[in-house]
Protein chains: 6
Amino acid sequence: MTHQSPNVGESRLERGKRALAEIDGAAGQNVVAALADIAPDFANYLFEFPFGDIYSRPGLDLRGREIATIAALTAMGTAIPQLKVHIEAGLNVGLTKAEITETIMQMAVYAGFPAALNGLFAAKEIFAARFPVQREQAA
Amino acid sequence: MTHQSPNVGESRLERGKRALAEIDGAAGQNVVAALADIAPDFANYLFEFPFGDIYSRPGLDLRGREIATIAALTAMGTAIPQLKVHIEAGLNVGLTKAEITETIMQMAVYAGFPAALNGLFAAKEIFAARFPVQREQAA
Amino acid sequence: MTHQSPNVGESRLERGKRALAEIDGAAGQNVVAALADIAPDFANYLFEFPFGDIYSRPGLDLRGREIATIAALTAMGTAIPQLKVHIEAGLNVGLTKAEITETIMQMAVYAGFPAALNGLFAAKEIFAARFPVQREQAA
Amino acid sequence: MTHQSPNVGESRLERGKRALAEIDGAAGQNVVAALADIAPDFANYLFEFPFGDIYSRPGLDLRGREIATIAALTAMGTAIPQLKVHIEAGLNVGLTKAEITETIMQMAVYAGFPAALNGLFAAKEIFAARFPVQREQAA
Amino acid sequence: MTHQSPNVGESRLERGKRALAEIDGAAGQNVVAALADIAPDFANYLFEFPFGDIYSRPGLDLRGREIATIAALTAMGTAIPQLKVHIEAGLNVGLTKAEITETIMQMAVYAGFPAALNGLFAAKEIFAARFPVQREQAA
Amino acid sequence: MTHQSPNVGESRLERGKRALAEIDGAAGQNVVAALADIAPDFANYLFEFPFGDIYSRPGLDLRGREIATIAALTAMGTAIPQLKVHIEAGLNVGLTKAEITETIMQMAVYAGFPAALNGLFAAKEIFAARFPVQREQAA
């Protein structure tokens, strides 16, 4: 899976909805649903700019895009719910568990050990839910 | 270039020096030199942990590692000198200019437009110094 | 309500207690009570500097001050409990639900979509508690 | 000036260009020009999402929007160039110098004294350039 | 207790394990155990670099080191679990409750009142668990 | 020098002015002077709350207070000018160069290597100006 190549005649909103469904899956739909009674327009912006515009661009494949997002959210440390969504998204676009844990561990260098630890514990939770039977060592 | 496979019998310090030279090039050497009269031990830690330990691990190739670092430093916004070093490092390990600019632009979604803008201007400066003749559109 | 005009002869502490009660209401009192057995002096500083000094100044009305605080706490992303207190405070000084959600949504531009999303979910919780019957669209 | 009411038949890009010109003035144009040879598409995103979408929304007037942006950028402390652009923008949409300095000073409460000091020195620079003759006390 | 003077012939890993046990106590062991099935190598890095290298250095005693860590984690506001571990560690190396609460309160000046408040509430929780009978005023 | 014990009958402003002069020296005066034409009241708040209230408290000596401040400002990475002022202040209250560099180096663990590097380069600049003749190794 490289990137969300736009279909002919598709609007930003349509393209963004398709990209969000493919990348974030059910977790993305839950965020959109939760916005319905507080800021429904914001759900459209979320479809349109991040997914319709940015994730649909050529130049960087989706695996690279999810490495970038997982790294940034781990380093920032202020968006654990969104980090979990993107650990799932990373698996959805073909990252291995090892690639995800390596990305997070590397953040110890740039944002400190606590940021990396909190990211690893988020990954542990997502991996446990997604791979319930075999829970072997990730690295 | 996938990762810094350890040579037999090589110490962490030796492996880290080799990895830092290959990845960061002259920019990394300048950082080490600048530490000599204030905290020379810290230069050794910089060789050993980030480069001897983390960047030398299998599981994520160096292209993925530099995408992660460029994303995180752009998002954090507190380490522009180090971001510049890693934009150069990204080129050194085989990232295209487009992959670097896409990584930085994507940070508008996660850390805001100012973070992405400041990252793009850092990339512009590095690209101009590295590709002085042809300075075509990056994206 | 423009600002907390100081009463004649009132101390900073008295003025701050009055301002905190009017602006933050019960939520502010809870914070002060929770400090009693760990750092009671800090409760006084909280009355005196933020509320006795800053919020009591002329030059910016309380509606503007709460927009500023809601924006900053949303963008920082490290103080969700305090953001909730100030979403309530915003309603207390006359901001509409729409003004609060617009302020939070705008932070997507400056601090990224996760910061805005986490802010909107904080507002959703406060609005649901404060307006239990009618829970119509905020924007 | 309340908000950028959309003209009939205007695209997001057109509306965003008009809004950016009215709000940010020459400073905004300089940012767009600087993007031309590194990431020209990003200039379009900057027109479209922040200015075509967000600043053009009803629900919060432009004075409130600039208070929010000045507060957030002061508190974050990672975007001084953008803070300066928005201190100018605040003046452009009708904020007084006192309203701007009060917004920045208030950030001492939420993000610490250094953030407020660095914001005040940014304002001092913008005010000195914009009001060269009379440089009276702002507060 | 000044610093973790290295024993003759001890490896970084051994020295780090010893230092972590003495400084962080059971809380440190819990972190290491939680890493076992997600990133066991990261537990070794945690022993080696922070504890085997940094905390074992002369030049700053462990009381000073814990003041530094408590201050930084309070100011950053993104690592409350790690802040709690280091409030315990501060007590382990001989800081008084007053020294810990003073360090945290001071962060109101540098990182804002919310950061200090969230730090004080973390300290309140640790002190209550550690000193269950006498829970007198900390300052 | 332990802490700024209040003199009998001294106001917060007087005590704060005395404490700022003793701790920050000329660097503190420069900050106050720079505020005169933009926000003179803010200079008073700076005297009163950080220096008149916080630094004048018993419970933590000034050496501990400066370790805390140097650690926090290094970790935050958004306040290099203020970090430099407090590296000087650390020397003023009796910290050794080694204690200051150790505090900064330790931040690599909690806020990442770039934060520690930028802190060390700030210390290098201050030490070079303050100790022009002998510029021996700090650690």
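This is a predicted model: local features need pLDDT of at least 70, side-chain atom pairs count only at pLDDT 80 or more; totals for chains, interfaces and linings use all residues.
**Getting started**

Side chains of opposite charge can pair when their charged atoms come close. Over all chains, the count here comes to 66 salt bridges, and the stops below visit some of them.

**Stop 1: chain A**

Select Arg18(A) and Glu10(A) and show their side chains. The two form a salt bridge, with 2.8 Å between the closest N and O atoms. Glu10(A) has a relative accessible area of 17% and is buried, because the cut-off for buried is under 20%.

**Stop 2: chain B**

Next, pick Arg12(B) and Asp53(B). Their side chains meet in a salt bridge, 2.9 Å from N to O. Now colour the helices: Arg12(B) sits in helix H1 (residues 12-24) of chain B and Asp53(B) in helix H3 (residues 40-54) of chain B, so this pair ties together parts that are 41 residues apart in sequence.

**Stop 3: chain D**

Move on to Glu125(D) and Lys84(D). Here too there is a salt bridge, and its closest N and O atoms are 3.0 Å apart. Which helices does the pair connect? Glu125(D) belongs to helix H7 (residues 113-130) of chain D and Lys84(D) to helix H5 (residues 80-92) of chain D, so the link joins parts that are 41 residues apart in sequence. As for accessibility, Glu125(D) is partly exposed, with a relative accessible area of 44%, and Lys84(D) also counts as partly exposed, at 22%.

**Stop 4: a network**

Select Asp41(A), Glu102(C), Arg57(D) and Arg65(D) together. These four residues are linked in a network of salt bridges, with members in chains A, C and D.

**Stop 5: two helices in chain F**

Two packed helices are described by the angle between their axes and the distance between the axes. Show helix H1 (residues 12-24) of chain F and helix H2 (residues 26-35) of chain F: their axes come within 6 Å and cross at roughly 125°. That angle makes H1(F) oblique to H2(F).

Finally, which residues meet between H1(F) and H2(F)? On the H1(F) side, select Leu20(F), Ala21(F) and Asp24(F); they meet Ala26(F), Ala27(F), Gly28(F) and Gln29(F) in H2(F). Coloured by class, this contact shows 4 nonpolar, 2 polar and 1 charged residues.

Notes:
Residues are numbered from 1 along each chain as its sequence is written. Chains are lettered from A and ligands numbered from 1 in the order in which they are written. Side-chain values use heavy atoms; hydrogens and water are left out. Buried means under 20% relative accessible area, exposed over 50%, partly exposed in between (1.4 Å probe, protein chains only). Helices (H or I, at least four residues) and strands (E, at least two) are DSSP runs, numbered from the N terminus. Axes are lines fitted to C-alpha atoms, for helices over the stretch in contact, and angles run from 0 to 180 degrees between N-to-C directions. Angles under 35 degrees count as roughly parallel, over 145 as roughly antiparallel, 65 to 115 as roughly perpendicular and the rest as oblique. Contact means heavy atoms within 4.5 Å. Ala, Val, Leu, Ile, Met, Phe, Trp, Tyr, Cys and Pro count as nonpolar, Asp, Glu, Lys and Arg as charged, and the others, Gly among them, as polar.
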